[in-house]
Every structure is written in structure tokens, then in C-alpha cells.
Amino acid sequence: MSRSPLDGRGRLRVRGFDTDADAEATDATATTAPSSAVDRRARAWARFRRDRAAVAGLAVIALMALLAVFARPIEVGGVVVQPVALAPYDPSASGVAPAYRPPSLSHPFGTDWAGRDVFSRVLYGGRYSLSIGVIAVSLALVVGVPLGAIAGYAGGWVDETIMRLVDVLYAFPFLVLAIALVAVFGQGFWKLVGALVAVGWIGYARLIRGEVLSVAERDYVLAARALGVTDHRILARHVVPNAIAPVVVQATLNVGTVVLSAAALGFLGLGLQPGTAEWGSMLSAGRDTLIGGEWWVTVFPGLAIFLFVLAINLVGDGVRDALDPDTDADRYTRGGR
Amino acid sequence: MALLEVDDLDVRFYTEEGVVQAVDGLSYTLDRGERLGVVGESGAGKTVAALALLDLLDAPGRIEGGSIRFDGEEVLDASPDRLRRLRGGEIGLVFQDPETALDPVYTVGEQVAEAVRVHTDLAGDAAHDRAVSLLDRVGIPDPATRATQYPHEFSGGMAQRAVVAVALAGDPDLLVADEPTTALDVTIQAQLLDLFDDLAADDLAVQLISHDLGVVAEFCDRVLVMYAGQAVERTTVDDLFYRPKHPYTAGLLSAVPRIGDDRNRLQTIPGTTPDLASPPPGCRFHPRCPYAEDACTKRDPPLAAVDGESDAHRAACLAYVDDADFDGDLDFYVEVDGEADP
């Protein structure tokens, strides 16, 4: 049996340590306030700004959005609200120059088979591609997040019903489903968005359901229940805000995917009306010309898609890093800026 | 009439390993302004019993029987609406780990204000002002500034005070504190106990769940000792520490280490808590009890009065059951050196 070093040495007693002298200092320790309150979003934004690639991506997106908005004048109800026209020609006007002109000063991106100015069309096409990306992802979030959150929080038959629907939709190859939807409902901007939303929400629903399952187990959810907060308030105010970060990252990255999907559908002739200045449709219309040597008809809209998707991915990565609690560690090394 | 009357409460968890009887026939009462300590080792059912008070158990846990009367009203029959008002409004709950009991995405002030809005007519700025005064009440310095800060900017002790402020927002009559000091170091523990002391002086009943006998000795009026889902001893703090009657209580007390002790090893109670999916027959403590006899394996002892007439001190041991086939003698005693027995 091991011997304790204290064996046979009597009780420990400290003398001369005057506790009274310390009396007024006892409560002072608790009052040292840590750094001033910083909003979570402000911290995330500060981290995002440090990521140069993400900021560059954001700049590219902003630039493309501005170019798209200012490409042609915008009229609302007959009133011109945006008079600037960066694009030199009407994107749908044919015969502004002879067909298949290579890039030149007057037509920087050349002209296509109908003599339309490719530069104007690429600028203007941003309106379709960007708005499809943003609108389709937003609508998919609006559908997917509540359904997934309810499924995860309610459990039971609600969960089963919603998640089996998700499984069924997942079982369809994306393009087959989109083709079927377009075939049934026809072409058009909102129908294209509808098809993209119909296949897009399932991913968010699955993602947030998984997060909700783990967040719902946290103590502060139990604490809220112990306070008599109603279930839908707990879900909306405590569970979803704590579960949303991965969904935000996924949604940001998905804007690029959705633009690609819209382009793919456009390429297959299932997107917007033929002849629309949407990037995918332009690629599709110009695919025969690549062999003929008229590369500019396809390369410039292709480049636009590439650039936009790349920028979105950079931003998405930046958002992920900014929202990831693990990267909080650099708070200490960088002096908490 | 007592503020809280728990009668023969049964809670079971339906798991894949079988039915776990987490709380088995638990009965106790709590008066207005009284401080009850609930002690026992991990897995004794202390927390489950506390959550059951507000019907907060989730599947697979279910309250299978018994009754919980708060102020004479049956909690288990309450409508969802009434239950929501009961939660926080009449019974406040304080959790063990303050860091996880606060939602990281809201400021502390907002979380207290939310509780205020749920239980009072106050809204907007009025709710926020009330939240600040509650933070002040629980001893958070500079409450107006601290209210705008997030939980991660709070130390453990301050966060626990904020959790107490949340629990107090509905002006409850009973505060159930589930190991409120376990995650804190001893100096902060002492400050927090002072706070509870202060609150209890305002006629707030406190049910303090702890496995720290020192905390219980300092704070509580009465104690309930739980073992394997059952109450094994119920008495005043004085009697518990100076005149323990149940072998398990004696074991717990002997296991408390003391500075300057001349023992080589820490005293333990041999064995571990039984698997509640298949508890031992008879008295649940008998496999670990040095006084166990044949009779103990056959009969589950009721919570019997230890000295016949008085209801104040009860222990669940066959030694106190008159018609039991128990011949031995519980020959443990408490030795007090230095001071006279109070």
C-alpha cells in the first residue's frame, strides 16, 4: 500500500494570512468587464473582409450586377427609372452589323449569326442569369428552411412525411426532373425559376433538419421551454438562428450552381425562349459555330458564366470561414480586431 | 397547504435496453420560502424529477404515475396554456451549465427581456428596463452595459447569475436549481449561494439539486437523499449530517474527504449505482450495503419514520420497518470533534 507523503505530519494550517485585509477586494474581481459588446454579424463581416479572395469575388459579383442593371434603360410602367445604357446596341436587335464579325472596336465581342452584338448580349444577359440565381435560391430557402426546420423540431409523422417527400425528389436526377417540369409547364422565366426551386429546396431542407436535430438538444432550448416560451417561438427565435449558418454557406455556393443549371437548361433549349440573351441560351445557339472558327460567339458568354460562378464560390468560401466558429481562434492572435 | 406536493411520482424511460425506472415512487413536499436540498450521485434521478415538475420530459421519458400539485393545482392535468404560464411564471428553473443555458445569438439582456415578455404585459423598452433591473437584482455589476453583451462575453459566475435572472423574470414562487454551482469554482460558488440565500429570504422556495453535501449543508433547511430513483432519506439538514439514518446517507457522508484526514485512501461506497433497467430485487441499495441481510433482497423498504411518531425524519430501510425480518443493527454514528453537538 502506498504511503501518503502527508502521513504522520499532522494537519495543515496556514497562519498569518490575514483574510480581513482582503475583504473589500472580494467582489471587485467579478466586475472586470470583457471587451465591449460586438455584434455577431459585425464580427463575421470583419472576418469576411480579411479574406481577400472573397472580397475580390464580391467585387466581381457587384460589378457584374451593376453592368447588368446599367446595360439597358429600365422602364417601369412607361416611366424610365434607369436611363443609362452601357450596352451599345439593343441585345435583341438583329442586323446591327453583318453576321459573324470577329471582335473589333465597334463590336468588342463580335457579332452572332443574326448580326447581334455579342457584347451587348453578354452585358444584358447578366440580368437573367444573376436574377435567376438569386431569386431561385431565395425562393428555395423560403420553402426549404421552414419545412426542414419543422421536420427536425416536430419529429414524428411530420418529419417522416416531409423527409420522405425530400427523398422522393432526391431520387430524380436533377435534369430529368427539370426537363419534366419544363415540358409540362412550358418555357419562361418564372417557369424556369420554378423548376430550379422545386429541385433546390430539398437540399436546404435536409441540411437544416440535421442542424435543428442537434440544436434542439441544447440546454438553451430546454431553458426556453422551461420559461413557457411557445414552440413556434422557440423554433423561430432560438433553434433556426443557431442552425442557419451552414445553410447560408450552402445557399451562397448554390447561387453559382443554380446559374450553371439555368445555363445547362438553356443549353438544352429548355430554359428561356430561344433567342433570349441568357448566357446558357447564347452558348446553346452558338454551339455549331465553334467548329467554324467563330469562337467569340460562345467563349464570351461562357467566360461570363465561368467568372460569375467562380466569384460566387469565392464568396461562399469566405462566408463559410466567416461564420465558422472554429476560426474564432484568430481573435486572440490578431488582438481581437 | 404546502406549495409543492409531489406524490408517488413515477418516471420511466422507454429505451432499447428496456424500461428504465428513473424515478420510482418519489414523494415530497415543499413549503413556501423553504429550501429543500436534493442529493444523490449521478443517475439517481435528481434532474429527471426536477424536469418532471414542469412536465419537460421528452420522449423516451414519460411520467407514468403519481401527482404533482403546485399550490394545490395538479400540474400533470394542466392545459398546455396553463403549463406555459406555470413554467417560468410560478416555477423557475436554473440549469447546471450557464454557458450552454444561454442562447449564443442573443444578448443577455434580450434573453432576460424575452422571459419578461412571456410572463408580464411589459413589452419593448419597458421589458428591457425590467431585464436590466433583474440583472441588477442578481448582482451583476453595471447591468445596463452587461445587458447589451453576448453570453460568450460573460464569465461562468456572471452567466449563472444571468440564468438566475432569466428564471426570476416571471416572478416565480419556486426556484428549482439543478446543480447551479457545479460548473463554478468555489469562490464563485459561495457568491452564488449568497445570492440564493438573499432570494430565498424574499419568500422564494428553492429546490436545490446538488451532489455537493457542503453546498446543501450551507444552504438548505431540509434534505431529500435519492438513490436509484427513490427517496432513501428525508429529513432536516441537521439530522442528516448529525444523525443520518440510512446506510447510503452514512456512506455518502463518510465519502466526503476532509483536509488533514489521516486516511490513506478516499472512502468510497463499494460498487456502483444499479442499472435502472433491471434494478436489484428488494431494497435497491442492498448489493452495496454493508448491513444487508436476506430480508433486504426480498422486500423494498418504504420510507418509514425513524423514531415512530414524528414524520420529520424518514428513511427507506428495513431497520425502521416494524414488521420486517431485519435483525441487525445499523451501528454507524457520527463523531463530532471539537464542538459540542448543536
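E114(B) is buried, with 22 other C-beta atoms within 10 Å. Buried here takes 20 or more other C-beta atoms within 10 Å of a residue's own; exposed means 12 or fewer, partly exposed is anything in between, and C-beta atoms are placed from the backbone. You'll find E114(B) in helix α4 (residues 108–119) of chain B. Helices (H or I, at least four residues) and strands (E, at least two) are DSSP runs, numbered from the N terminus. E114(B) and V166(B) sit 52 residues apart in sequence, and their C-alpha atoms are 8.5 Å apart in space.

A quick word on ground rules. This is a predicted model, in which local features need pLDDT of at least 70 and side-chain atom pairs count only at pLDDT 80 or more, while totals for chains, interfaces and linings use all residues. Residues are numbered from 1 along each chain as its sequence is written, and chains are lettered from A and ligands numbered from 1 in the order in which they are written. As for confidence, the model scores ipTM 0.84 and pTM 0.77. Chain B has a mean pLDDT of 86, with 97% of its residues at 70 or more; pLDDT is the predictor's confidence in each residue, from 0 to 100.

**The sheet in chain B**

Which order do the eight strands of the open sheet follow? Reading across, they go β6-β7-β8-β3-β9-β10-β12-β11 in chain B, and the pairing is mixed. β6 (91–94) and β11 (304–305) of chain B are at the edges with a single partner strand each, so one side of each has no neighbour in the sheet. Two strands count as paired if DSSP finds at least two bridges between them. In general, strands of a sheet pair through backbone hydrogen bonds, either parallel or antiparallel.

Here are some of the pairings:

| Strand pair | Bridges | Sense |
|---|---|---|
| β6(B) and β7(B) | four bridges | parallel |
| β3(B) and β8(B) | five bridges | parallel |
| β3(B) and β9(B) | four bridges | parallel |
| β9(B) and β10(B) | six bridges | antiparallel |

Now to β3(B) itself. Because five of the five residues of strand β3 (residues 35–39) of chain B are buried, this strand is largely enclosed by the rest of the structure. R35(B), G37(B) and V39(B) point one way from β3(B), while L36(B) and V38(B) point the other. G37(B) has L208(B) as its bridge partner in β8(B), and V38(B) has L224(B) in β9(B).

V94(B) has A177(B) as its bridge partner in β7(B).

**A covered helix**

Helix α1 (residues 46–53) of chain B is mostly covered, with seven of its eight residues buried. Among them are K46(B), V48(B) and L53(B). Just after α1(B), D55(B) takes a positive phi of about 55°.

**Two domains, two chains**

Chain B is divided into domain 1 (29–57 + 74–227) and domain 2 (237–320), with bounds that come from an automatic or database domain assignment. The domain centres, taken over C-alpha atoms, are 30 Å apart. Between them, 12 residues of domain 1 of chain B are in contact with 12 of domain 2; contact means C-beta atoms, placed from the backbone, within 7 Å. On the domain 1 side, β9(B) gives the most, with four residues.

How many residues of chain A are in contact with chain B? There are 25, and they meet 33 residues of chain B. α7(A) gives the most to the chain A side, with six residues. That side divides into 13 nonpolar, seven polar and five charged residues. Ala, Val, Leu, Ile, Met, Phe, Trp, Tyr, Cys and Pro count as nonpolar, Asp, Glu, Lys and Arg as charged, and the others, Gly among them, as polar.

Definitions and conventions. Contact = placed C-beta atoms within 7 Å.
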